[in-house]
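I opened this entry to record what I looked up in the structure, going from the overall fold to single residues.

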Amino acid sequence: MNKARFQVLGFTVPSGSYKYHDDGYVDSILDTIMKVDKLYGLDNSNYNADEYIYAIGKYYEEGFNLHIFYLERSTKKSDIQNRSHEETHVLDYLGQLDALTDRLFEEQGVKINLKEVDDKEVIAQLGSLYALNARGLMPWLERGYKNNTFLKAERIYKQSKQPEKRFFIP
Ligand SMILES: [Zn+2]
């Protein structure tokens with residue numbers, strides 16, 4: 001039985017027959033895809049480079065091997081967002097979303113059943129929101145890296161935040 005240890009999400013899940021590889025920061029997403037393809041003896045002559053011009057991270061699967069790799073961003077916050085996004089894709093692929101669902105609720109008071117979210121990109125963005133909030137970083141104060149799936153995840157996150165219990169001394 002293998003395990004997948006997610007460095008930015010900060011937890012480990014069983015991964016069955018799958019092997020998880022965090023390949024770290026790379027200089028080029030496309031070059032790394034080709035390199036990993038070669039590792040598994042795959043033909044990579046037909047890549048459309050244009051598809052990866054704006055890619056900042058990648059989740060890659062081949063057989064029982066799961067890889068992530070990513071570009072280094074200009075701020076720590078963007079690195080955390082980018083890396084935890086790819087980690088959450090792997091978590092999803094492994095069928096272990098419950099591990100994140102539990103932590104969101106226990107640690108951040110956010111009650112979301114991730115299995116009911118039907119967009120895998122939104123799920124990955126919710127993983128990012130978890131990782132950012134776990135570090136006290138408030139993503140919605142920054143405008144730079146919002147896109148539609150992130151805004152949708154942010155809306156779900158905020159709506160799912162349980163009211164904090166208040167105790168008053170009479
Ligand atoms: Zn994604």
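**Overall fold.** I kept in mind throughout that this is a predicted model. I looked up the secondary structure and found 5 helices and 5 strands, which follow one another along the sequence as β-β-β-α-β-β-α-α-α-α.

**Dimensions.** I then asked what radius of gyration the protein has beside that of a compact globule. For 170 residues such a globule would have a value near 15 Å, and the protein has 17 Å, so I noted that the two agree. The box filled by the C-alpha atoms, taken along the principal axes, is roughly 70 × 40 × 25 Å. I also noted that 28% of the 170 residues count as buried, and that, among contacts with a separation of 6 or more, 65% are between residues 24 or more positions apart.

I looked at how strand 4 (residues 57-62) meets strand 5 (residues 65-70), and found antiparallel pairing over 6 bridges. Within this pair, Tyr59 of strand 4 has Ile68 of strand 5 opposite. The hairpin has 2 residues between its strands, and I recorded for Gly63 a positive phi near 60°.

**Helix 4.** I checked the length of helix 4 (residues 120-134) against expectation: at 1.5 Å a residue its 15 residues should span 21 Å, and because its end C-alpha atoms are 21 Å apart, the check agrees. Which residues of helix 4 are buried? I listed Ile123, Ala124, Gln125, Leu126, Gly127, Ser128, Leu129, Tyr130 and Ala131. Their cover includes helix 2 (76-93), helix 3 (97-108) and helix 5 (148-160). After helix 4 comes Gly136, for which I noted a positive phi near 70°.

**The core.** I turned next to the largest nonpolar core, which has 27 residues, and looked up which of them touch the most other members: these are Val90, Leu91, Leu126 and Tyr130. Two or more residues of this core come from each of strand 1 (2-6), strand 5, helix 2, helix 3, helix 4 and helix 5, and helix 4 gives the largest share, with 6 residues. As a general point, I wrote down that nonpolar side chains tend to be buried together in soluble globular proteins.

**Leu126.** Last, I followed Leu126, a buried residue of helix 4, to its partners beyond four places in sequence, and found contacts with Ile112, Leu114, Ala153, Ile156 and Tyr157.

Methods
Residues numbered from 1 in each chain as written. Predicted model: local features only at pLDDT ≥ 70, side-chain atom pairs only at ≥ 80, totals over all residues. Helix = DSSP H or I, 4+ residues; strand = E, 2+ residues; numbered from the N terminus. Rg over C-alpha atoms; globule rule 2.2 N^0.38 Å. Buried ≥ 20, exposed ≤ 12 C-beta atoms within 10 Å, placed from the backbone. Contact = placed C-beta atoms within 7 Å. Pairing = 2+ DSSP bridges. Expected span 1.5 Å × (residues − 1). Core = buried A, V, L, I, M, F, W, Y, C linked by C-beta atoms within 7 Å.
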